[in-house]
Amino acid sequence: MDWHIRAKEGHGFVPIVPEGDPRTRFIEFGLLRLGDGEEYGWDAEAKEAVLVILGGRCTVRAGVEVYEGIGERKDVFSGEAYAVFVPPGNEVRVTGVGDVEVAVCKAPSDAEGGPRLIFPGEVRVRSVGKLNWRRDVKDVVGQEVPARHLLVGETVNPPGNWSSSPPHRHDEDRPPEESDMEEVYFFKVSPSQGFGLQRIYTDDGEVDEAYVVRDGDTVVIPKGYHPVVAGPGYRLYYLWILAGEGRALIPYDDPAHRWLKDVEPIIEEQGL
């Protein structure tokens, strides 16, 4: 099955990984593109949702909460995200304040509580890795948000750099070594004519795929190790959406490449 979804044009709500997609058990994903004053929403349902403002500003009405004019970055390479977590049972309406693009991530849920606005200052930003596998990882909706299934964040690779390196997977429920979670990546590239590469592979060789990813592409990752590299001269961003029966993210590194983590303290000591 092809796990690579090419960029989709369109205005309003653009479904990318719809409900019932055979590649996922939990995750639904789509993009919401609105102009000034345009509105899109949905009635209360038995799903939790995470709305990540990719660029522009909007007003979000979630249940009884109203978040006016949120969003301050022009694009995903210009700072941290505003996001809204919406538990099940809440009607949602999004209205553009100027042009806006919003990632809509959903999963079935029985979570309780009210909606929550995540400010850019609450996003946890980490520099991960060294040398040409250094990247910035940004936890937008982490364990502190009382979702049932979803974890959502962003990663930015500098030009030519790798992420998910050493390659990791989260295929099996066997804590404390590994947890079972599916994932979806949504990519942006700067400048937009650039590209990156996504590899997905398993130990037994049943899966061994490499995809050329371009601005606006999506990759579904039901299983397997999944390293990513940015093309020379191009910054590569991806929104990552994780979901499983639980929310304990325990990645398992490919033993053949785990040594990369072992040398990181030596590299740091040398000031590289």
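Which residues are linked in a network of salt bridges? I found Arg169, Glu172, Arg174, Glu178 and Asp203 joined in one such network. A salt bridge here is a side-chain nitrogen of Lys or Arg within 4 Å of a carboxyl oxygen of Asp or Glu.

Ground rules, before I go on. This is a predicted model, where local features need pLDDT of at least 70, side-chain atom pairs count only at pLDDT 80 or more, and totals for chains, interfaces and linings use all residues. Residues are numbered from 1 along each chain as its sequence is written, and side-chain values use heavy atoms, with hydrogens and water left out.

**Entry: salt bridges**

I searched the whole structure and got 27 salt bridges. I picked out a few pairs.

Arg126 pairs with Asp139, with 3.1 Å between the closest N and O atoms. This one links distant parts of the chain: Arg126 sits in strand S10 (residues 124–128) and Asp139 in strand S11 (residues 135–141), 13 residues apart. Strands are DSSP runs (E, at least two residues), numbered from the N terminus. I looked up accessibility too: Arg126 is partly exposed at 28% relative accessible area, while Asp139 is buried at 14%. My cut-offs are under 20% for buried, over 50% for exposed and partly exposed in between (1.4 Å probe, protein chains only).

Next, Glu206 and Lys223, whose closest N and O atoms are 3.4 Å apart. Glu206 is in the loop between strands S16 (195–201) and S17 (208–214), and Lys223 is in the loop between strands S18 (218–221) and S19 (228–230), so the pair ties together parts 17 residues apart in sequence. Glu206 is exposed at 60%, and Lys223 is partly exposed at 29%.

Then I checked Lys261 with Asp253, where the closest N and O atoms are 2.9 Å apart. Lys261 comes out partly exposed at 43%, but Asp253 is buried at 11%.

**Entry: cavities**

How many cavities of 30 Å³ or more does a search of the whole structure find? I got 1. A cavity is a set of points on a 1 Å grid over the protein atoms alone where a 1.4 Å probe fits but cannot get out, and lining residues have an atom within 4 Å of a point. The largest cavity holds about 30 Å³, the volume being the space filled by probe spheres set on the points, which are joined across faces, edges and corners.

Its lining consists of Trp42, Glu45, Lys47, Ala49, Val86, Pro87, Pro88, Gly89 and Asn90. I sorted these into 5 nonpolar, 2 polar and 2 charged. For that count, Ala, Val, Leu, Ile, Met, Phe, Trp, Tyr, Cys and Pro are nonpolar, Asp, Glu, Lys and Arg are charged, and the others, Gly among them, are polar.

Technical notes:
1 Å grid on protein atoms, 1.4 Å probe; cavity = no way out; pocket = protein on both sides within 12 Å on 5 of 7 lines; lining within 4 Å. Helix = DSSP H or I, 4+ residues; strand = E, 2+ residues; numbered from the N terminus.
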